[in-house]
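Hi everyone, thanks for coming. Let me put the structure up and we'll walk through it together.

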Amino acid sequence: MPDASDRKRLDVLGRRLNEVRAAREPPNADKQGAAQAQVAWRMVIELVTGLLMGLGIGYGLDSLFGTVPVFLVLFTLLGFAAGVRTMMRTAREVQKGGDGSGGNPGSSGTGEVDGRGGRS
């Protein structure tokens, strides 16, 4: 079990490591803003694509069967639902940090203890 002097040395070492990491990291405010804009455009495109695909399928089925725009309305709504579902999946990936732009958005990187008892 570590005694008080070991804990003090570990805390000093942790602070020094955080200072070195902060000094080595380039400022990435522009990169983060560009990444967020890219994700926003991706989500808009996913929604519009789902909507247009549903619209096209519905229009095609209506013209094929000669029906009133029943299929057009039905498949447009289904395409919208599919687009929203895809957008939500993208949002979950971004929250988990799976977009490749960086780690965990919930971690502060300061070495503070998080709610689960571990260090962030």
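Let's start with the nonpolar patch on the surface: Trp41, Val44, Ile45, Val48, Leu52 and Leu55, with about 590 Å² of accessible area together. Patch members need over 30% relative accessible area and no salt bridge, with nonpolar side chains (Val, Leu, Ile, Met, Phe, Trp, Tyr) joined within 5 Å and like charges within 9 Å. Areas are Shrake-Rupley with a 1.4 Å probe, and for residues only the protein chains shown count as cover. A salt bridge here is a Lys or Arg side-chain nitrogen within 4 Å of an Asp or Glu carboxyl oxygen.

Quick note on sources: this is a predicted model, where local features need pLDDT of at least 70 and side-chain atom pairs pLDDT 80 or more, while totals for chains, interfaces and linings use all residues. Residues are numbered from 1 along each chain as its sequence is written, and side-chain values use heavy atoms, leaving out hydrogens and water.

Leu52 sits in helix H2, residues 29–65; helices are DSSP runs (H or I) of at least four residues, strands (E) at least two, numbered from the N terminus. Leu52 counts as exposed because its relative accessibility is 52%; the cut-offs are over 50% for exposed, under 20% for buried, and partly exposed in between.

Overall, the chain has 3 helices and 0 strands, and 11% of its 120 residues are buried.

Now, H3. Which of its residues are buried? Thr76, Gly79, Gly83 and Thr90. Lys96 also lies in H3, residues 70–96, but Lys96 is exposed, at 71% relative accessible area. And just after H3, Gly97 takes a positive phi of about 85°.

Notes: Buried means under 20% relative accessible area, exposed over 50%, partly exposed in between (1.4 Å probe, protein chains only).
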